[in-house]
Structures are given as C-alpha cells and as structure tokens.
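Hi,

Here is the structure I promised to pass on. Have a look at it first, and then read on for what turned up.

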Amino acid sequence: MEDLAEKINMAPSTFHKHFKEVTTLSPLQYQKHLRLCEAQRLMLADPYSASQAAFAVGYESSNQFSREYKRLFGDTPKNSITHSLSLYPVVNTIR
C-alpha cells in the first residue's frame, strides 16, 4: 500500500482514506475480496477444490479461506459451488 501511495504522491493514510471512499473497502479488504472472487471463479470454471483454490490465490490456510469465504458469500465453498452449478448447468457441462 505504501508503494501505491508513493507512486501517486500521497501519504499512506491519505491513500487509505481515498481508497475507502471510492471502494467502500479498505485496501486489505479489497484485496481479500478479489482473492475470494478469483477462488470462486477457479472452483466454478476449473476443477479446483476449495483447498486448491485457496492456495492458488495465496491463502496459506484452507480453514482461514473457508471462514472468509463463508463470511463473504454466506455459505461454505463446497455448498456455494454445488448450488451455483445446479443453477447453471451449462457451466457444469463445460468442465
């Protein structure tokens, strides 16, 4: 975050404030959100398990990944992906 702030000639605290005004998330929350969305995409589009997706997007703990995934998406990775694939069977046939 400090590198980004420096590149646009802002103090880190000012960058953080402006970032949150624009995205409604802190930079760390935004990064976490992107990682979880990418993991979800990997599980839907490729035959990735929750653990494989977690490690692919940079999580060191699959338990931490599952907790954060459930907090964001409202269900466990397995249940969420199973439900999504049942709603959109064409995605399931692409696999």
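Which exposed residues does the face of helix 5 turned away from its buried side carry? They are Asn63 and Arg71. Please keep in mind as you read that this is a predicted model.

Let me stay with helix 5 for a moment. The helix has 12 residues, and from its first C-alpha to its last it reaches 16 Å, close to the 16 Å expected at 1.5 Å a residue. Its buried residues are Phe65, Glu68 and Tyr69. Looking down the helix axis, you will find these buried residues within an arc of 105°, so they line one face of helix 5. Their packing partners are helix 3, helix 4 and helix 6.

Both ends of helix 5 are worth a look too. At its start, serine 61 brings a side-chain oxygen to within 3.3 Å of the backbone nitrogen of asparagine 63. Just after the helix comes glycine 74, with a positive phi of about 85°.

Now to helix 3, which covers residues 27-45. With 19 residues, helix 3 reaches 27 Å between its first and last C-alpha, close to the 27 Å expected at 1.5 Å a residue. Pro27, Leu36, Ala39, Gln40, Leu42 and Met43 are its buried residues. These pack against helix 2 (12-23), helix 4 (50-56), helix 5 (62-73) and helix 6 (77-87).

How many salt bridges does the structure hold? There are 2. One of them joins lysine 32 to glutamate 68, with the closest N and O atoms 3.6 Å apart. This pair links distant parts of the chain, since lysine 32 sits in helix 3 and glutamate 68 in helix 5, 36 residues apart. Lysine 32 is partly exposed, at 31% relative accessible area, while glutamate 68 has 8% relative accessibility and so counts as buried.

Glutamate 38 forms a salt bridge with arginine 41, and here the closest N and O atoms are 2.8 Å apart. Because these two lie 3 residues apart in helix 3, about one helical turn separates glutamate 38 from arginine 41. In general, an α-helix has 3.6 residues a turn, so residues three or four places apart point the same way. Glutamate 38 is partly exposed at 31% relative accessibility, and arginine 41 is also partly exposed, with a relative accessible area of 41%.

Happy browsing, and do write back with any thoughts.

Best wishes

Technical notes: Residues are numbered from 1 along each chain as its sequence is written. This is a predicted model: local features need pLDDT of at least 70, side-chain atom pairs count only at pLDDT 80 or more; totals for chains, interfaces and linings use all residues. Side-chain values use heavy atoms; hydrogens and water are left out. Helices (H or I, at least four residues) and strands (E, at least two) are DSSP runs, numbered from the N terminus. The expected span of a helix is 1.5 Å times one less than its number of residues. Buried means under 20% relative accessible area, exposed over 50%, partly exposed in between (1.4 Å probe, protein chains only). Contact means heavy atoms within 4.5 Å. The arc is that of the directions from the helix axis to the C-beta atoms. A polar contact is a pair of N or O atoms within 3.5 Å; within protein, one must be able to donate a hydrogen and the other to accept it, and residues adjacent in sequence count only if both atoms are side-chain atoms. A salt bridge is a side-chain nitrogen of Lys or Arg within 4 Å of a carboxyl oxygen of Asp or Glu.
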